[in-house]
Structures are given as C-alpha cells and as structure tokens.
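Hi there,

Here is the structure I promised to pass on to you. Have a look at it first, and then read my notes below.

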Amino acid sequence: MRADINIFGWLASTPCNTQSTINCKMKLKYLLGTSARESVSEVAWTISEHLYHSTSVNSTHLANMRGDSCVYDVPMALDPEKSRTDGLEPLLAWSRNRSHARRSRDYVLGPMHPISFVEEFLPLPSCSRDKLLSSRNAFAAVPRNVDTPSQIYEPLASSLNEKIDDKGRCPGHVFMKTVERSTRLDRLGHIKPHVCCFATENLDTVLRASQESRIEFGYAEMLIQVATSPLADYFVDPGPDLDVPDLIAHQFTRDFQDEESYDRAERTWGLHISYVTEVFARQQRIFLYTISLFGPFARLFRWDRSGCIVSESFDIHQHPDVITEFFWRFAHLSDAKPGHDLTYTMASPHEEALFRDTVRAYVALQLDVSDEELDNALKTHYQPGHVTKVPVHSPAAAGSGLKRYDLLVSRPIVSPLSLDGRCTRGFWAVDVETGKVVFLKDTWRIASHSETEGDILRRLNELGVRNVPILAFQGDVVDSRNNAFEGNEPIYQETRTNKYVAEPWAHRIDGKDVIVRRRRHYRLVASTVGYSIKTLRGTEELLHSTYDVFIAMKDALEKDSRIHRDLSVGNIILVKEPGRAIRRGYLIDWDASDRTDDAGESLHAGRAGTWSFLSIRMLSDGQVNGKHTFKDDMEALLYVVFYCGLLYLPHTLSGYDLTTLHDEFFERVINVKGVPAGGGLKLMNSINRLHSNQVGFQSAPFQEWLDTVMDYHSPPPALREKYKDIRTTWNGTTASHIASS
C-alpha cells in the first residue's frame with residue numbers, strides 16, 4: 001500500500017453520507033493492520049446498516065434483474081469453409097497471445113488503488129447488507145505457497161460460492177472452475193479460464209453444452225485467472241518509500257532479469273488478454289471486469305475499447321474485504337453497469353423468420369446458388385435462434401432530434417479480435433421498416449473526430465464518386481440507461497479508460513506516458529451489400545473488381561482531394577448488379593481516409609492502413625510519422641492484386657514456398673531502434689522482380705498484367721520516362737487486360 005495516502009486527511013475531507021460511510025470503512029480496513037481493524041470495521045458496518053435500513057431492497061431481486069434483458073453467446077464470424085470461428089485458430093494461439101501482451105503496453109493504465117477502483121467503478125447498492133457473508137478469514141483456505149494453480153482456484157471458488165444460512169458473497173451468481181472444462185490443458189488454444197462467474201439462471205445452459213464448445217465465454221459475467229507465483233505478474237507497483245523523481249520515473253511493467261521469467265509473465269498476461277478478447281467477441285459488451293491472482297496477491301482489472309485500468313496488487317489474506325466488497329457490489333449492479341450493451345435485444349420468432357427469408361433470397365441473388373449450396377452459404381450470415389434486433393439513432397432532418405431505425409442481425413461477417421481500437425463487427429442486416437438487406441458496421445470511433453465515416457460517405461455520394469458504398473443512415477449509439485438523455489441531449493456509449501490518463505497513479509511504460517483515446521460506439525448502415533474479394537472467381541473478376549476500386553480511388557482524389565490510406569483485401573467487396581455479368585468491386589471502410597494538401601500529401605501524419613499492403617515507403621522506419629500519398633495507395637492496390645493472385649488463382653508454387661513468400665513479403669516486421677519497419681522483400685522485388693517472377697501464374701493475362709504493373713510501379717531505367725505517370729498507365733493496362741481475360 002502507498003505511504004502517501006493520509007487516512008486522517010481523507011476522513012476529514014469526506015462528506016457525511018451513506019456512500020462515504022461504507023467507503024470510509026473500506027479504507028480504514030485496508031489501511032490499518034489486520035489485527036487492529038476489526039473493531040473499526042464492525043462500527044462502520046453497523047452505522048451503514050442503520051443508515052440503509054429505511055431504504056433496503058431485496059438483494060436477490062436486484063441480482064436477478066440481470067439476465068433476461070442481456071443478449072448472451074452471440075455468434076462469431078466463420079472462416080471461409082464455414083467450419084469454425086474465424087480468427088481463433090488454436091495453432092496460432094501462442095503468437096496471438098504474445099501479440100496481445102505486447103500491444104497492451106500501449107493501452108494499460110495503472111496501478112490504481114484497489115479501494116479507489118471499487119469506489120470509482122462499482123457504486124454502493126441501496127440495499128441492506130444483512131445478507132453479506134463476513135469477509136473475516138474469507139480466503140484463509142487459499143495457501144500462500146503453492147505448486148499448482150488448482151491449489152488457489154479451488155478454495156477460492158469455494159469461498160466465493162460459500163453460503164451460510166441465507167448469506168453469501170455474490171448473490172445471483174455462481175463461480176465455476178471452467179478450466180476443468182478444457183479439452184486440452186496443454187494447448188493454449190483450447191484452455192479456458194481458471195474460474196468464470198455466471199448468472200445463476202445461465203448455469204444450466206453452460207453445463208449442458210459440449211466441453212468442445214467455447215460457450216463459457218458467451219455467458220461469463222467475469223473471469224478470474226491464477227498464477228502460482230507473484231513473479232508471473234507482468235506489472236510492478238511503485239515502492240512505498242520512493243521519492244518524487246523516482247515515483248515519476250517508475251515503469252509499471254516489470255523489468256525481468258532473464259528471458260525465462262519474461263516469457264512466463266508474458267504468456268500469463270497474454271492468455272488473460274486473449275480470454276477478455278474472446279468474451280468481448282462472444283457477447284455484446286461495453287466493458288468487462290476481471291481478476292488475476294499471483295499466489296495470494298490479487299489485481300482488479302476494468303477493460304473497455306480504449307484500454308485497461310489495473311489496480312495495485314494486494315494480499316487477499318490481509319485485505320479480504322476488498323474482494324468481498326467488490327463482488328457484493330458487482331452482484332447488485334443493473335444490467336448495463338456490468339458492461340452489457342442492452343441496445344441489442346432478442347428478435348421475436350416473426351422477426352427471425354423475416355431475417356432468415358430475406359437474407360436467404362439475397363444470398364441466392366448474389367451467389368446464384370440454390371438448395372443445399374444455398375443453405376450452406378446462408379450459414380455465413382444466420383445462426384438459428386440467434387437473431388437480434390439493434391437500433392440505430394440517426395440525426396433527423398433539419399436538426400429535429402434523432403430518428404430510430406431497427407435492424408435485424410445474426411452472425412457477423414467480421415468479429416472483433418483485438419481488445420482496443422475500432423473493434424468492428426460487420427453484419428448483413430435487414431431493415432425492419434423496409435424489409436431490405438443492408439450492411440451494418442458496428443464500431444468504436446475516435447470521439448474527438450468531428451467527421452464520421454458516414455459523413456465521408458455522404459460527401460463522396462453527393463460528389464458522384466463511383467464504386468463506393470451508398471450511405472443509408474448512421475448514428476452514435478445512445479446509452480440504454482435512464483432513457484439516455486440529460487435534458488434534451490442524448491447520452492452516448494463511450495469508453496472510460498481515457499479519463500484516467502492524467503492521474504498520478506498512471507505510471508509510464510517503456511519510458512513514455514500511456515495515452516489512450518476516448519472512443520464512442522457508432523453504427524453506420526450502407527445500402528451496398530456484397531461479398532469479400534476473397535470470394536473472387538478467377539482472373540476476370542479479380543481484374544474487373546480492382547479496376548473498379550481504382551476508379552473509386554481516382555474519383556475520390558479528383559473530386560474530393562481524398563485518399564483512402566487503407567487499401568487491403570478486407571476493404572474491397574464484390575456486388576452482383578443487374579445488367580452486369582461480372583460482380584462490381586466497391587472500396588469500403590473510408591474511416592482512415594484523409595484529405596490531401598497541395599503537395600498531394602495527407603493532411604494528417606502517421607502510418608495508417610493494413611501492414612501487409614503498405615507501400616515500401618510507408619513501411620520504412622523513417623516514415624512511422626510520414627504522410628500518405630495517392631501513390632502509396634496505388635502501390636497498396638498492386639499488393640492486393642498480387643496477394644489475391646497468390647491465394648485464389650492457380651500457380652506453380654508449392655504450399656511451403658507459398659507460405660514462406662506470404663510471410664516474408666506481406667507480414668514480416670523488424671524492429672529498428674524501437675520502431676516497427678518492413679518492406680524488405682517488396683523493395684528487393686521492385687528492383688529485380690525475383691519474388692513475383694518465381695510464382696508462375698497459370699493465367700497468361702494475369703501474369704502479363706502483373707509484370708506490366710510491377711514495371712509501372714518501379715520502372716527499369718529504360719522505361720522510366722514512359723511510366724512516370726502511374727495513374728494513366730494503370731488505367732490503360734487494366735482496361736486492356738480486362739478485355740483479354
């Protein structure tokens with residue numbers, strides 16, 4: 001515990017009310033020694049119970065308010081074969097978890113005092129505390145020194161589930177040892193959290209499900225992860241006796257003395273983040289609480305789409321009341337306060353039938369399939385029994401408030417697989433009012449940006465930019481609590497982590513202050529609905545669709561001085577339209593786009609886009625804060641075409657050679673003085689074509705197109721004058737090869 005907390009100063013400044021009485025009691029218990037604090041505790045509890053007696057509410061009733069209104073176990077996007085969840089391949093779990101841990105260094109704030117954590121995030125319930133089991137010796141059965149995690153999580157779960165007469169610690173909830181439902185304890189991709197907290201009414205659903213499933217993540221209200229030793233803690237708190245300069249310079253992440261210790265802590269922390277990420281992906285959530293134990297030392301965590309707030313480590317034997325108070329308050333929160341997004345509600349049987357039949361007809365139109373093939377294709381968008389209704393509140397005309405549109409959705413085509421950032425879900429949706437299929441993008445935008453992606457699309461539509469989605473409507477997500485209005489102004493769902501970046505307890509990581517951005521939940525609806533370019537059907541469709549994208553890029557530059565800055569495989573869709581035999585390509589996801597200045601550079605500096613397709617220039621270590629140009633977008637589109645050719649067109653490369661080329665050409669990252677850089681093979685290929693020439697595409701028109709455009713991108717000396725204008729030459733070459741393909 002920090003020595004700079006003055007309990008008497010805190011007491012003197014505390015107003016006399018019921019909330020502060022309980023908080024006062026908690027701080028007294030935490031700050032005084034174990035043996036000296038019980039009398040203080042009993043007096044404080046007695047006072048608080050007397051004050052609350054006249055306003056007591058049945059605690060079981062409050063706990064059971066959660067459940068019916070929450071949407072649990074939401075579907076995730078499927079892989080292209082529709083055989084499993086996309087993006088959570090077990091064999092890639094190790095590298096995925098390591099990436100989670102390293103990325104977290106940019107968004108973790110801490111350590112917050114645990115009492116402050118409880119006070120700040122879990123309001124005191126207005127009910128009698130006579131059903132709360134005493135915290136005295138609550139976790140005495142948890143040993144201090146252990147050899148296996150089970151020696152901690154088994155007695156811990158028993159203590160949290162303990163009931164004496166009608167008293168308990170987390171009414172309305174059950175703590176399950178979910179790790180024992182893992183199918184492979186020795187594999188990161190199969191293991192489950194040590195303990196998950198479930199609402200009592202959901203327990204049977206979880207138990208009935210196959211252990212092969214991941215249903216625990218779809219119903220978990222909270223999870224607890226355990227390590228045997230404090231040395232596995234990724235973080236380190238400042239000492240109590242640090243002087244001011246050392247306190248300011250303190251690094252919150254631990255400085256490990258050897259690689260083995262670092263690997264162990266990184267593995268533990270990365271696994272914790274992977275669990276949190278999966279809970280967010282399998283539920284509609286705004287935030288989530290978790291707990292970690294390292295031997296007898298615990299930390300509390302609060303996660304949202306801006307990042308994570310971490311508490312100081314505390315001993316559960318010396319301070320059991322912190323844990324018991326945390327869970328008592330948690331049990332009495334309303335649905336929205338434990339982090340659920342209540343704007344999603346379950347659809348009625350009639351609405352589910354409307355969704356299924358409407359989407360089925362649109363799939364048949366887009367893919368020209370029927371019968372069993374159509375049923376299989378429908379799985380990408382629909383899971384029986386899992387259709388939900390979601391509102392979009394769009395600004396009405398002439399500033400006359402918000403107009404509500406209701407959409408029906410089921411399985412997304414994109415699931416959020418990272419914890420912080422935009423964390424986009426993409427759905428084929430059905431507009432309840434019109435009965436038409438639309439596309440819903442549910443995302444977390446940077447709140448400080450005055451221009452939304454919908455604003456950009458509206459402008460591009462008005463200017464006549466071709467081959468970009470048509471905006472239907474858009475709106476920030478209105479909070480579902482308390483009618484979500486303060487006066488006439490709506491309250492929107494936003495992150496909270498960003499509010500604490502300037503707190504004195506938010507220490508540095510990697511030698512710099514951690515800065516996270518305020519994000520606001522946002523929904524965009526487009527009338528343009530299609531399939532990923534990954535579903536292309538040969539050379540002709542690939543060249544047609546990417547030429548369409550080129551037209552969109554060219555129009556946006558000429559009519560709006562705008563560049564996309566994120567040309568990638570994920571940002572091109574194919575749409576079958578009347579009177580056109582080949583599906584049209586559309587360039588989507590304009591939220592990273594930017595206007596350009598007179599020099600042709602983006603107005604805002606910094607890398608943007610998908611690493612695999614960034615230009616050679618933007619991948620260099622000197623351009624981490626560089627400005628994108630149209631030429632960078634053109635080069636990115638070239639890599640998109642090359643990538644699609646490698647993965648979706650026939651060629652002569654073996655599987656091993658293809659994997660090697662993919663990893664080295666598109667994914668390789670090196671560290672140059674702390675700055676991520678890449679593009680080495682792209683640069684080499686621009687000089688000698690060694691890597692692109694080794695592929696041997698079976699399609700002669702595609703091979704010729706690729707060779708020609710590679711020359712346009714980086715002309716040999718004899719052709720530099722001829723190919724100095726890449727926009728003109730791309731236009732003519734693409735058109736001629738479309739004709740010959």
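D371 counts as exposed, with a relative accessibility of 58% (exposed is over 50% relative accessible area, buried is under 20% and partly exposed is in between, using a 1.4 Å probe and protein chains only). This is a predicted model, in which local features need pLDDT of at least 70, side-chain atom pairs count only at pLDDT 80 or more, and totals for chains, interfaces and linings use all residues. Residues are numbered from 1 along each chain as its sequence is written, and side-chain values use heavy atoms, without hydrogens and water.

Most residues other than glycine have a negative phi, and most peptide bonds are trans. D371 is not a glycine, yet has a positive phi of about 55°; D371 sits in helix α14 (residues 371–378). (Helices, H or I of at least four residues, and strands, E of at least two, are DSSP runs numbered from the N terminus.) S561, also not a glycine, has a positive phi near 50° and is partly exposed at 32%. The peptide bond from G110 to P111 is cis, with omega near 5°, and P111 belongs to strand β1 (residues 108–112).

Now for a pocket (on a 1 Å grid over the protein atoms alone, an open set of points where a 1.4 Å probe fits, with protein on both sides within 12 Å along at least five of seven lines; lining residues have an atom within 4 Å of a point). Of its 38 lining residues, T85, L88, R214, E278 and R282 are the closest to the centre. Helix α11 gives the most to this lining, six residues.

Enjoy exploring!
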